[in-house]
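Work through the exercises below with the sequence and coordinates at hand. Each task is followed by a solution in steps.

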Amino acid sequence: MKKSKRIITSVIATVLSAVSMVGMTVCADNSDDIIMGDANADGRFTIADVTLFQNWLMGNNVTLNNYQAVDFCEDGVLDIFDLCMMKKELLNYNTSEEYPVKNPVVIDEFTPCTDTIEDKFFNEFFTITIKHQYSDPERVWTVDDFKGIENIKSVQQYYSTNPYRHFLWITLYNPSHENVLKAIHDIESLNIKEIKEIQTYKVFGVPDPDTKK
């Protein structure tokens with residue numbers, strides 16, 4: 001197995017060397033404080049680093065600002081084996097990330113809801129988007145996080161890996177257009193720093209949910 005890996009690595013290294021002569025650039029990094037995985041040398045290990053390294057391996061005209069950081073096999077050769085280890089390590093790295101993130105890749109600004117009573121949306125529920133830097137996968141949001149909002153029946157949360165944030169699905173005891181908008185604006189007035197935006201759940205191609213026929 002080791003012999004096979006050496007043969008495959010040698011072949012890939014030869015191919016990469018040949019490709020690098022037609023435009024790919026590798027910048028040496030002499031820093032003693034190397035963050036493993038930080039291919040673009042921005043001080044963090046993120047999916048952007050994986051994408052950069054993968055593009056480099058594919059022969060795209062990109063620059064590895066920190067080639068030492070992606071030599072996960074520690075064999076002096078950058079190849080597909082390093083990429084596989086890099087992806088695996090990123091999963092472990094993300095789960096151990098501290099929140100709030102000090103230097104988030106995505107800078108979120110709060111966006112107030114502008115929907116009106118005339119807009120078509122479901123009246124039983126609405127969604128809350130949590131800011132990237134506060135999307136702690138270990139945190140569990142509950143009704144208690146929205147003190148003073150009496151009409152909230154339940155809070156469910158869903159996760160997304162791109163761009164590393166999660167969402168809250170809020171359902172109401174007493175559904176209506178008026179109550180949805182009131183709950184949204186009441187929550188906005190709480191000025192919860194983790195919230196990016198609160199949105200109604202839009203209705204497309206069906207009758208207004210408040211209209212019974």
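**Exercise 1.** Which residues does serine 135 touch, not counting residues up to four places away in sequence?

Solution. Take contact as heavy atoms within 4.5 Å. With residues up to four places away in sequence left out, serine 135 touches Tyr99, Ile130, Tyr164, Arg165 and His166. Next, locate the residue: serine 135 lies in the loop between strand S3 (121–130) and strand S4 (152–160). Helices (H or I, at least four residues) and strands (E, at least two) are DSSP runs, numbered from the N terminus. Finally, serine 135 has a relative accessible area of 5% and is buried. Buried means under 20% relative accessible area, exposed over 50%, and partly exposed in between (1.4 Å probe, protein chains only).

The model is predicted: local features need pLDDT of at least 70, side-chain atom pairs count only at pLDDT 80 or more, and totals for chains, interfaces and linings use all residues. Residues are numbered from 1 along each chain as its sequence is written, and side-chain values use heavy atoms, with hydrogens and water left out.

**Exercise 2.** How many aromatic pairs does a search of the whole structure find? Classify the pair of phenylalanine 45 and phenylalanine 72.

Solution. Rings of Phe, Tyr and Trp (its six-membered ring) pair if their centres lie within 6.5 Å; planes under 30 degrees apart count as stacked, over 60 as edge-to-face and the rest as tilted. The search of the whole structure gives eight aromatic pairs. For phenylalanine 45 and phenylalanine 72, the centres are 6.4 Å apart and the planes make 40 degrees, and the pair is tilted. Phenylalanine 45 is in the loop between strand S1 (25–26) and helix H2 (47–57), and phenylalanine 72 is in the loop between strand S2 (63–64) and helix H3 (80–95), so the pair ties together parts 27 residues apart in sequence. Phenylalanine 45 is buried at 1% relative accessibility, and phenylalanine 72 is buried at 14%.

**Exercise 3.** Are the rings of phenylalanine 53 and tryptophan 56 stacked or edge-to-face?

Solution. The ring centres of phenylalanine 53 and tryptophan 56 are 6.2 Å apart with planes at 25 degrees, so the pair is stacked. Both residues sit in helix H2, three residues apart, which means a separation of about one helical turn. Phenylalanine 53 has a relative accessible area of 0% and is buried; tryptophan 56, at 5%, is buried.

**Exercise 4.** Is alanine 48 buried or partly exposed?

Solution. Alanine 48 lies in helix H2. Its relative accessibility is 37%, so alanine 48 counts as partly exposed.
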